[in-house]
Amino acid sequence: MARYRLIIKPRAPFQTPLHSDTLFGHICWALRYLKGEDKLIEFLSAFNVGNSPLILSSGFPNGYLPMPVLRPLSDKEEKLLWEKYERGKTRLGFTRELKIFKKVSYIQISALQMLKDDLSYYNLYDKHLNGDITLENPTVRSMDEQFSKTIEVWHNAKNRLTDRVMEGKLFAKSDTFYNNGAELVIYINDTYFSREMLFEIIYFIARSGYGADKSSGRGIFEFELLDEWELPESENPNAFLNLSQYHPMEGDFRDGFYDMAIKFGKIGGHWAAGIDGGPYKMPILMLNPGSVFQTDNDRPFYGGIIKNVHKKEGVVHYGIALPLKVRVT
């Protein structure tokens with residue numbers, strides 16, 4: 001199995017987040033246009049219950065991972081933390097720090113290295129308040145704000161029959177502008193493509209754009225495809241940290257803490273111009289990166305390809321999770 005780190009360097013605003021399921025759709029369409037429909041069908045048929053030839057994470061700021069979703073602090077644990085750190089602090093200031101902590105989106109990879117065998121909110125708070133780890137830039141409220149800025153951009157609606165702007169018909173879309181030097185990392189496990197083929201596919205996506213409004217210049221990026229990746233993992237795990245947009249299958253886990261979202265996936269490629277059944281897939285429940293699940297099944301991936309998500313036969317949705325082994329306490 002080949003392991004790659006895909007470094008994304010945005011060169012234009014993005015309207016669509018770098019989610020693993022959306023990227024997989026782009027890879028499928030790139031394969032369709034580069035090698036033909038038969039090659040795409042062959043690729044999709046390689047996915048089954050016990051096999052995933054391509055496992056993708058979502059995109060994260062370079063050097064960071066998603067903040068784990070864990071059991072909330074108990075009253076006893078919060079009291080212990082306050083007793084350890086009350087010197088020179090007010091109780092109100094301490095409570096404010098805990099609230100800010102709850103809004104953190106990412107942790108440094110080095111923080112997971114410290115806590116991969118003893119992962120809990122208590123230990124994360126403890127290390128953070130003790131200055132052993134810095135979860136995000138303390139001068140900035142969130143990682144997203146120091147890494148990028150999302151603003152609403154107003155557009156004119158256009159009459160498709162007259163090809164003229166419609167007076168008084170304005171609408172807004174959110175564009176994410178990344179700061180100079182910003183890099184996002186996607187972790188890939190691949191047993192299907194050669195390195196050259198995967199590079200060609202990513203190059204096709206980089207030049208044609210990623211996500212919504214790519215036809216008007218959104219989602220253009222440069223990239224590096226680096227061999228190998230290594231992230232901290234527990235040697236005595238009882239859970240996994242999910243790094244992808246994940247749709248669970250029966251028996252994947254026995255318990256967990258998670259964030260979820262309902263995904264309204266959109267058909268891509270030339271099918272987006274109109275097919276029987278409309279441009280949208282059926283709504284699908286997806287579990288977000290950072291969700292943590294306790295499991296007795298140690299596997300290289302969880303979840304699977306979701307079928308029957310559209311009236312059009314053969315349309316699928318990617319719900320496979322790239323896991324990191326951790327031990328939660």
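## Strand β8 and its partners

Strand β1 (residues 2-10) pairs with β8 in the antiparallel sense, over seven bridges. Two strands pair if DSSP finds at least two bridges between them. Helices (H or I, at least four residues) and strands (E, at least two) are DSSP runs, numbered from the N terminus.

This is a predicted model: local features need pLDDT of at least 70, side-chain atom pairs count only at pLDDT 80 or more, and totals for chains, interfaces and linings use all residues. Residues are numbered from 1 along each chain as its sequence is written, and side-chain values use heavy atoms, with hydrogens and water left out.

Strand β2 (residues 54-56) is joined to β8 by three bridges. Strand β3 (residues 60-61) is joined to β8 by two bridges. The table gives a facing residue for each partner.

| Partner of β8 | Bridges | Facing residues |
|---|---|---|
| β1 (residues 2-10) | seven bridges | Arg5 opposite Tyr187 |
| β2 (residues 54-56) | three bridges | Leu56 opposite Ile188 |
| β3 (residues 60-61) | two bridges | Pro61 opposite Leu184 |

How covered is β8 (residues 184-190)? Seven of its seven residues are buried. Buried means under 20% relative accessible area, exposed over 50%, and partly exposed in between (1.4 Å probe, protein chains only). Both faces of β8 are covered. Leu184, Ile186, Ile188 and Asp190 lie on one side. Val185, Tyr187 and Asn189 lie on the other.

Asp298 sits in the loop between β14 (292-294) and β15 (302-306). Asp298 counts as exposed because its relative accessibility is 53%. Ile7 is 291 residues from Asp298 along the chain, and their C-alpha atoms are separated by 28 Å.

Now the whole chain. The protein chain has eight helices and 17 strands. Of its 329 residues, 46% count as buried. The C-alpha trace spans about 70 × 50 × 35 Å along its principal axes.

Contact means heavy atoms within 4.5 Å. Among contacts between residues at least 6 apart in sequence, 77% join residues at least 24 apart. The accessible surface comes to about 17,400 Å², with 50% belonging to carbon and sulfur atoms. Accessible areas come from the Shrake-Rupley method with a 1.4 Å probe; for residues, only the protein chains shown count as cover.
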